[in-house]
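This report describes selected features of one protein chain. The sequence and the model are shown first, and the description follows.

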Amino acid sequence: DFEARPTDLFTRLAAMREVEAAKVLKVAYRARSLRDNLDLFDVLGERDRPTIALGMGEFGLMSRVLAPKFSGFLTFASIRDTSATAPGQPTVSDLLGLYRFRSITPATRVYGVIGWPVGHSISPQVHNAAFEAMDEDAVYLPLPIVPEYEPFKATVLALLDHAALGFTGASVTIPHKLHLVRLASEDTSRRWVVDEVASRVGAANTLAVDADGTCRVLNTDVAAAVEPLAEAMGGVADRRIAVLGAGGVGQAIAAGLADAGAHVTMHNRTMDKAAAALRKINSEHRLNSSPTGTIDIAPLESAGRSGCDAFVNCTALGMRGSAERETASPLSDLDFDALRGDEVVFDTVYTPRETPFLKSAAAKGLLTIRGETMFIRQALGQLAAWTGKTPPRGLVEKVAVEALERA
């Protein structure tokens with residue numbers, strides 16, 4: 001079915017099983033969400049003979065990669081992207097190399113990057129390479145979930161509840177970082193532990209599921225952003241820093257910089273959203289009892305005239321994969337013309353490596369920090385949280401840079 005999961009899927013299966021001449025059964029339909037894969041895994045789990053069960057389209061990749069985990073008779077892959085025989089079919093090289101298909105067993109733990117979109121993400125390349133180097137029986141997949149909270153909640157809980165899946169953790173990116181902390185506060189079916197940073201800013205980028213079922217919600221974004229900025233500036237205490245964007249990333253970085261002594265202004269297009277973000281940061285959750293820095297808010301269009309010492313882009317402007325955003329920058333050419341010339345410009349977007357924001361800053365001779373710097377550091381924190389081991393930093397850096405150069 002090239003449109004959707006058949007509503008009478010299991011009725012059809014029962015009829016197929018009555019055909020004694022059929023030595024192998026095959027089911028393939030377009031997955032409309034990640035949850036459609038779980039039905040396919042159940043089909044394999046209840047098989048009475050060799051069975052193929054695959055999801056088509058972007059949401060169906062999980063069923064193709066994890067076929068050996070559920071003893072699927074086979075999966076399909078194409079020689080190259082242009083020769084796929086069904087929507088969403090991976091290439092042989094990705095299946096065998098990137099996802100290490102031949103090493104997947106029923107015991108393989110499942111991780112992934114949750115976001116919308118996630119097709120641009122280099123996280124699968126980085127984390128799968130790290131898992132192999134660390135001798136971890138794990139695979140890391142793109143896990144697209146549409147932007148709204150309810151689909152996020154339903155999908156994450158379904159993944160956690162599927163006993164045979166072995167869903168053990170995830171990177172969580174735009175637009176779901178706020179949703180992860182909200183889910184932890186609402187779900188009473190399991191034990192959730194939210195770290196101090198995520199609790200304070202109401203945003204997290206990491207889910208780690210322990211062996212006892214405890215779900216740990218972590219924010220590795222803060223240290224991954226504050227540390228390289230402090231290194232570039234010789235410290236951030238008493239420095240004026242503009243954080244562009246008041247979403248999950250912006251809130252986390254603003255809070256971390258303030259706790260390190262910086263005077264931060266969050267610039268956002270919508271002031272109501274910025275005000276709500278500031279109230280959240282200044283709630284009862286504090287990273288330390290007496291932060292020395294401050295946080296204020298202002299319109300995005302005023303950022304170029306703020307007189308700040310550094311500018312951190314925490315919006316999706318400039319990100320590849322969004323036609324209306326990928327050529328945009330949070331600061332205009334006029335804004336850059338008004339700068340002193342000694343500012344530091346940091347973009348949290350990492351695809352492409354050179355965003356319009358960074359290109360404009362470099363053209364003015366400003367010191368720049370690429371988004372890959374933050375990506376690498378937060379990825380190392382995630383790997384440590386998931387495995388309890390020290391991840392291979394050199395390998396992570398190498399794979400990340402190579403992936404971005406190919407993108």
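Thr 355 lies in the loop between β13 and α13; helices (H or I, at least four residues) and strands (E, at least two) are DSSP runs, numbered from the N terminus. With a relative accessible area of 0%, Thr 355 is buried, where buried means under 20% relative accessible area, exposed over 50% and partly exposed in between (1.4 Å probe, protein chains only). Not counting residues up to four places away in sequence, Thr 355 touches Gly 318, Asp 347 and Val 349, a contact being defined by heavy atoms within 4.5 Å. The loop between β13 (344-347) and α13 (356-363) also holds Pro 352, and the peptide bond from Thr 351 to Pro 352 is cis, with omega near 5°.

## Basis of the description

The model is predicted: local features need pLDDT of at least 70, side-chain atom pairs count only at pLDDT 80 or more, and totals for chains, interfaces and linings use all residues. Residues are numbered from 1 along each chain as its sequence is written, and side-chain values use heavy atoms, with hydrogens and water left out.

## The six-stranded sheet

An open sheet is formed by six strands in the order β4-β3-β5-β7-β8-β6, with mixed pairing; two strands pair if DSSP finds at least two bridges between them. Axes are lines fitted to C-alpha atoms, for helices over the stretch in contact, and angles run from 0 to 180 degrees between N-to-C directions.

Val 193 stands opposite Arg 216 in β8.

What is the sense of the pairing between β3 and β4? The two strands are parallel and are joined over seven bridges, and Val 113 stands opposite Pro 142 in β4. The chain passes from β3 through α5 to β4 in a right-handed β-α-β crossover; that is, with the strands pointing away from the viewer, the path from the first strand over the helix to the second runs clockwise.

Seven of the seven residues of β4 are buried, so this strand is largely enclosed by the rest of the structure. In a regular strand the side chains alternate between the two faces of the sheet. From β4, Ala 138, Tyr 140, Pro 142 and Pro 144 point one way, while Val 139, Leu 141 and Leu 143 point the other way, and all are buried.

## Helix α14 on the sheet

Helix α14 (residues 371-387) lies across β3, β4, β5, β7 (206-209) and β8, and runs at about 15° to β7. Leu 383 is in helix α14 and is buried, with a relative accessible area of 0%. Leu 383 touches His 127, Ala 130, Phe 131, Gly 388, Pro 391 and Val 396, not counting residues up to four places away in sequence. Leu 383 and Thr 206 are 177 residues apart in sequence and 9.9 Å apart in space, C-alpha to C-alpha.

## The α6/α7 contact

The axes of helix α6 (residues 149-161) and helix α7 (residues 177-186) come within 10 Å and cross at roughly 65°. The contact is made by Tyr 149, Phe 152, Lys 153, Val 156 and Leu 157 of α6 and by His 179, Leu 180, Arg 182, Leu 183 and Glu 186 of α7. Six of the contact residues are nonpolar, one is polar and three are charged; Ala, Val, Leu, Ile, Met, Phe, Trp, Tyr, Cys and Pro count as nonpolar, Asp, Glu, Lys and Arg as charged, and the others, Gly among them, as polar.

## Backbone features in other loops

A cis peptide bond, with omega about 0°, joins Trp 116 and Pro 117, and Pro 117 lies in the loop between β3 and α5. In the loop between α5 and β4 is Asp 135, a residue other than glycine with a positive phi near 60°. Asp 135 counts as exposed, at 68% relative accessibility.

Ser 71, in the loop between α3 (61-65) and α4 (92-98), is also a residue other than glycine with a positive phi, near 60°. Ser 71 is partly exposed, with a relative accessible area of 36%.
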